[in-house]
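Please look at the sequence and the model before reading on.

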Amino acid sequence: MSQVHYELFVRRKVGAQWTLEIATENRAHALQVAEDVLTQNRAVASRVTKETLDPSTGEYKSISIFTKGLVDGGKPKKEVEDRDPLCVQPADLYTAHARDRIGRLLEGWLSRHKATPFELLHRPDLVEKLEASGTDLQHALQKIAIPEAEARGQSVHEVMRHFHGLVERTIANLMKAFKKGALPDLDKEGFARAAERLVADPDRAFLLGAGVAASIAPATNWSDKIARLLDLADAAPAEARARVAALQAIEAPLAEIIGSRAGMADLLDTKDDLGATLAAMTRLTGGAAVEALIKIEPGVRACMPDLSGTARRLSEWLAEDHFPSVRKAIAQRVLTELNGVRRLKPQDAEAEIEYLRALAMGLTAAAGRILQGEDIQVAFTTRSKTLLNGDFIEALLGRDRSAHEEIKMLIRLAENVMGAVNKRNASRWLNANISAMRFEKEMRQGPDSPVAKLSHLAALQRSLSRSGLVREDYEPLCAKLGEIGGLIEGDTRLLTMLVRAPAPLPHRLQLLAKLAMGEAGPTGPVADKARFEALKLAKDPSSREQLTNSPQTMDLIKSLLSHAA
C-alpha cells in the first residue's frame, strides 16, 4: 500500500523562493494552513502537494493539489551567492531553529514515540529506533533537500548527500560519547553535582542535555515529562554558573513540549476546548498581574481555570522570570490560535464572547510578559472578524430568543469586538435587527406594560452608547429605538393618562422628568413630549402651592429645564 503525505510550500514575499512550511499526513490540515498563511499575511502564495511513495523505487511522486496567491513569483530569481547549506556541523543541528525544523519534518514519528527533537538529538536509543524505522529518516531528508536545493541553486542529489553526511556525523558523535560512558546519569549522580562537574567543560550543553533527556525518558506522557523537568529544576545547583547551565539544559526540552499542542493539552487537561486552553495558558504565564485581575473581575474569574499539580508548579517557575523561551513558546501559541479560525467554544457562542473578553483583559493586564500591546490588538482584531460572520451570528442568536433578547446579545457582541471595521459590521447587524418589523411588532404588541417597554428601549439606548460604536453608527440606532417608543406611547396614550392621573403633582412630575431625561424611557418623541407636559404642569397657576411645598420637585424642574437647554 502506498504511503501518502502532504507538503505545504509557501512564498514569503514577491520574488522569493518556495520554502517548506509543514509536512503532514492530514490533507485537510495542510489545506487549512495553506489558507491561513495567506489570510494572516504570512506569505504571498501557498502550494500544497500530494506526495505518494512508490515502493518499487523508494521515490515520491508529487502532484500539486492546491495553489493560491502570487504563484508566478513576480520578480525574477536573484543570483544566489551563498550556496553553503544552513547546517554544516553537527553542532548546528542543536540550535533552536534546527530543532524546530526537525520537529516539523519528523512530526509523526516523534509524536508516536512521545519525544521531542531535543530528546532525539541527545538519546542514543531514540536514534537507533529512527535508523531502524526504515524510510522515516530518508523521507525527512527528501522533504528538506528539495526546497533547500531550489533556494540555493544546487541539485537535490548534492544537498541530500550533504545532509546524509551531516546526520551520520551527528549520530556518530552521540554514539561515541555513549559508548565511552561520557553521558551523565543524573538519577545516580544527581543533577546539581553533574552540573557543577561539567560547568567548565566546553561540551557541557550537549552532555547536560543528554543527561536531562535520559532522565525524562521513562515518562509515559507529556505532563509527566514536564514534571520530571521541574524536579530537575528544583534540584539545580545554587552556584551561579552551574545553575545557569543546568536551567538552560532544562529549558530547551521544556519549551518544545509546551510549544506543542499535544504537550500543552496534556499539561492543562483541557482536551479540545480551545477557549479554556488559551485562558489557562494566559494564567500560566501572566503571573501576578493576571492573578490580581482574577480577584477583581468576576467575568475573568469565571473563565480562568484553576491550575493544579504540574501546571501550578510551572506557573510558579515562570512567575520568577525563569525559562524565557518557554514564555515565548506560549506567547507564540496564543498568538497563532487567536489569529487562526478555530472556535474558542464551538458549542456555545455566548460563552465564546465571554472567553474572548476575559482573554483580552488578561493578556492586556500582562502585556509585555506574554504578548506586546500591539500584537494583542492585532490578534483580537483578527479574531473579531470570525465573530461577525453569518454562521457565528446564527449560532449566537439561536432560534428561541425574542427580538429584544437578540438585540441585547448583538450589543454585547459589539462591545467585545475590536477594530473600526469590525465595529462597523456589528452596527450593521444591529441596524438590521432594530429596523426589523419583528422587533417593532414585539415591542408594540408584547405582554409587558407600556412603562416596562419604554424602560427596555431606554436600556438598549444606554447600552448602545457604551458599546464602543462611533457616534455616526449608534445615534441612528438610538433614534430608531426612540421612534418605536413614540409608537408605543401613541398606542397607549401613556403620557396623557399620566398627566391626568389622580396622583399627587410631585409624583407625576417626577415620572415625567425621568421620561424626559431618558431614564425611564427612550430619548426621542417620548422624551420630548414628556418634557413638554412636565413644564406645562409646572407653569400651571394651580400647581404653584404644591411646588412651593416640595423643594425636591422644584430642583427636579430646574434640572429638567437645564437638560432641555
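An axis here is a line fitted to C-alpha atoms, for helices over the stretch in contact, and angles between N-to-C directions run from 0 to 180 degrees. Helices (H or I, at least four residues) and strands (E, at least two) are DSSP runs, numbered from the N terminus. The model is a predicted one, in which local features need pLDDT of at least 70 and side-chain atom pairs count only at pLDDT 80 or more, while totals for chains, interfaces and linings use all residues. Residues are numbered from 1 along each chain as its sequence is written, and side-chain values use heavy atoms, with hydrogens and water left out.

**Helix pairs**

Two packed helices are described by the angle between their axes and the distance between the axes.

| Helix pair | Axes come within | Crossing angle |
|---|---|---|
| α28 (residues 505-516) and α29 (residues 525-539) | 7 Å | roughly 150° |
| α22 (residues 403-416) and α25 (residues 450-465) | 10 Å | roughly 15° |
| α9 (residues 191-198) and α10 | 10 Å | roughly 165° |

Angles under 35 degrees count as roughly parallel, over 145 as roughly antiparallel, 65 to 115 as roughly perpendicular and the rest as oblique. A crossing is left-handed if the near helix is turned anticlockwise from the far one by less than a right angle, and right-handed if clockwise.

Contact means heavy atoms within 4.5 Å. On the α28 side, Leu505, Arg508, Leu509, Leu512, Leu515 and Ala516 take part; they meet Val526, Ala527, Ala530, Arg531, Glu533, Ala534 and Leu537 of α29. Sorted by type, the residues of this contact are ten nonpolar, no polar and three charged. In this sorting, Ala, Val, Leu, Ile, Met, Phe, Trp, Tyr, Cys and Pro count as nonpolar, Asp, Glu, Lys and Arg as charged, and the others, Gly among them, as polar.

The helices α22 and α25 are roughly parallel to each other, and their crossing is left-handed. From α22, the residues His404, Ile407, Lys408, Ile411 and Glu415 meet His456, Leu460, Ser463 and Leu464 of α25. This contact divides into four nonpolar, three polar and two charged residues.

The pair α9 and α10 is roughly antiparallel, with a right-handed crossing. Here Phe191, Ala194, Ala195 and Leu198 of α9 meet Arg204, Leu207, Leu208 and Val212 of α10. Seven residues of the contact are nonpolar, none is polar and one is charged.

**Nonpolar cores**

A nonpolar core is a set of buried Ala, Val, Leu, Ile, Met, Phe, Trp, Tyr and Cys residues joined through side-chain atoms within 4.5 Å. Buried means under 20% relative accessible area, exposed over 50%, partly exposed in between (1.4 Å probe, protein chains only). Which residues have the most contacts inside the largest core? They are Leu413 and Leu464, in a core of 153 residues. Helix α12 (residues 240-259) supplies the largest share of this core, ten residues. A second, separate core has twelve residues, including Ala30, Val37, Ala43 and Val48.

Apart from neighbours within four places in sequence, Leu413 is in contact with Ile353, Leu387, Leu388, Phe392, Ile393 and Leu396.

**Single residues**

Is alanine 414 buried or exposed? Alanine 414, in helix α22, is buried, with a relative accessible area of 0%. Not counting residues up to four places away in sequence, alanine 414 touches Lys423, Ala426, Leu430, Ser467 and Leu469.

Serine 215 belongs to helix α10 (residues 204-216) and is buried at 6% relative accessibility. With neighbours within four places in sequence left aside, serine 215 is in contact with Asp187, Arg228 and Leu232.

Histidine 507, in helix α28, is partly exposed, with a relative accessible area of 41%. The C-alpha atoms of histidine 507 and leucine 208 are 83 Å apart, and the two residues are 299 residues apart along the chain.

Most residues other than glycine have a negative phi. Asparagine 41 is not a glycine, yet has a positive phi of about 60°. Asparagine 41 sits in the loop between α1 (27-39) and β3 (45-54) and is exposed, at 69% relative accessible area. Lysine 114, also not a glycine, has a positive phi of about 50°. The loop between α3 (107-112) and α4 (117-122) holds lysine 114, which is partly exposed at 34% relative accessibility.
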